[in-house]
Amino acid sequence: MRQILITIFLLFCLYGVAQNKQYTFVFLNTRTDKTELPKEETDKLMQGHLANITRLAEEGKLIVAGPFDGGGGIFILNTTSNDEANAWLSTDPGIQANRWKLDVLQYQPRMGGVCVAKEPYEMVTYTFIRFRSNIHKETVGDYPVLLKKHDEYLKQVAKNGNVITEGIFDDQEGGILIMKGDIQAEVFENDPAVKSGTLLFEVKKLWVAKGAFCEQ
């Protein structure tokens, strides 16, 4: 974990981006069915993974990266083209070795943004909430109304001052919310869209450089 965090320090030095810009958001989901490899081989793949992160950052392609406690993590890429994003991702040895299952999504921040963390870098842990759409025949008709109620509910949650950033994915793929502190699941269980089953959510801890989401 320490090696990963030190490498992530390098990601935020070179390229600034404007708020309200669109990005490609990548989830690197830990595979439960991945092949067990000797430690020497997994160490080599991780070294290649970290070196590739540094290179993509230096080229201005990778803006933010951070690991989740327990495995996996996120990238935010400086592109809105899925073809371009997939081409950049394909250079990662860990991805080539199928160590993660990828979700590649178009991303639009609505609160906060995507920024370059300033030196001296400070690594912080945030609560990361991912909302997933769960549209089926019983909920599709109510989806627009429930999504509006979801947005209104998040605005109320944001009033407590703990929200770092919030954003949505294209094509009804849900969105994310990143908050300071330990947040109880009950907060999101009271979301009208969650109560109806229209949105599902999961909560993780994310390590990232402070300032990566334009927070002070």
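Trainee: Which residues is E166 in contact with, leaving aside its neighbours within four places in sequence?
Mentor: In this predicted model, E166 is in contact with Y107, P109, R110, M111, L154, I176 and L177.

Trainee: Which side chain does E166 make a polar contact with?
Mentor: The side chain of R110, at 2.7 Å.

Trainee: Where does E166 lie, and is it buried or exposed?
Mentor: E166 is in strand β6, residues 163–169. Its relative accessible area is 3%, under the 20% cut-off, so E166 is buried.

Trainee: How far is E166 from R130?
Mentor: Their C-alpha atoms are separated by 10.0 Å, and the two residues are 36 apart along the chain.

Trainee: What stands opposite E166 in β7?
Mentor: L177 does. Strands β6 and β7 run antiparallel and are joined by five bridges. The hairpin they form has five residues between the strands, and D171 there takes a positive phi near 60 degrees.

Trainee: How many residues of β7 are buried?
Mentor: Five of its five, residues 175–179. G175, L177 and M179 are buried on one side, and I176 and I178 on the other, which leaves both faces covered.

Trainee: New topic. Which residues touch the most other members in the largest nonpolar core?
Mentor: F25, F27, F128 and F213, in a core of 22 residues. The elements giving two or more residues to this core are β1 (23–30), β2 (62–67), β3 (73–77), β4, β5, β6, β7 and β8. Apart from it lies another core, of 14 residues, among them I53, L56, F75 and W100.

Trainee: What is F25 in contact with, again leaving aside neighbours within four places in sequence?
Mentor: The list for F25 includes I74, F75, I76, D103, V104, L105 and F128. Y107, F169 and I176 are also on it.

Trainee: How many aromatic pairs does the structure hold?
Mentor: The structure holds 10. One of them is F25 with Y107: the ring centres are 5.1 Å apart and the planes are at 65 degrees, so the pair is edge-to-face. F25 is in strand β1 and Y107 in strand β4, so this pair ties together parts 82 residues apart in sequence. Both F25 and Y107 are buried.

Trainee: And what about F131 and F188?
Mentor: That pair is edge-to-face as well, with 6.0 Å centre to centre and 75 degrees between the planes. F131 is in strand β5 and F188 in helix α6 (residues 186–189), 57 residues apart. F131 counts as buried at 2% relative accessibility, and F188 is buried at 0%.

Trainee: Which residues do ring pairs link into a cluster?
Mentor: F25, F27, F68, Y107, F128 and F169.

Trainee: Last one. How many disulfides does a search of the whole structure find?
Mentor: One. C115 and C214 form it, with their sulfur atoms 1.8 Å apart. The torsion about the S-S bond is about 95 degrees, so the disulfide is right-handed. C115 lies in the loop between β4 (100–111) and β5 (123–133) and C214 in the segment after β8 (199–209), so the pair ties together parts 99 residues apart in sequence.

Trainee: Are those cysteines buried or exposed?
Mentor: C115 counts as buried at 16% relative accessibility, and C214 is buried at 18%.

Key: Residues are numbered from 1 along each chain as its sequence is written. This is a predicted model: local features need pLDDT of at least 70, side-chain atom pairs count only at pLDDT 80 or more; totals for chains, interfaces and linings use all residues. Side-chain values use heavy atoms; hydrogens and water are left out. A disulfide is a pair of cysteine sulfur atoms within 2.5 Å. Helices (H or I, at least four residues) and strands (E, at least two) are DSSP runs, numbered from the N terminus. Buried means under 20% relative accessible area, exposed over 50%, partly exposed in between (1.4 Å probe, protein chains only). Contact means heavy atoms within 4.5 Å. A polar contact is a pair of N or O atoms within 3.5 Å; within protein, one must be able to donate a hydrogen and the other to accept it, and residues adjacent in sequence count only if both atoms are side-chain atoms. Two strands pair if DSSP finds at least two bridges between them. A nonpolar core is a set of buried Ala, Val, Leu, Ile, Met, Phe, Trp, Tyr and Cys residues joined through side-chain atoms within 4.5 Å. Rings of Phe, Tyr and Trp (its six-membered ring) pair if their centres lie within 6.5 Å; planes under 30 degrees apart count as stacked, over 60 as edge-to-face and the rest as tilted.
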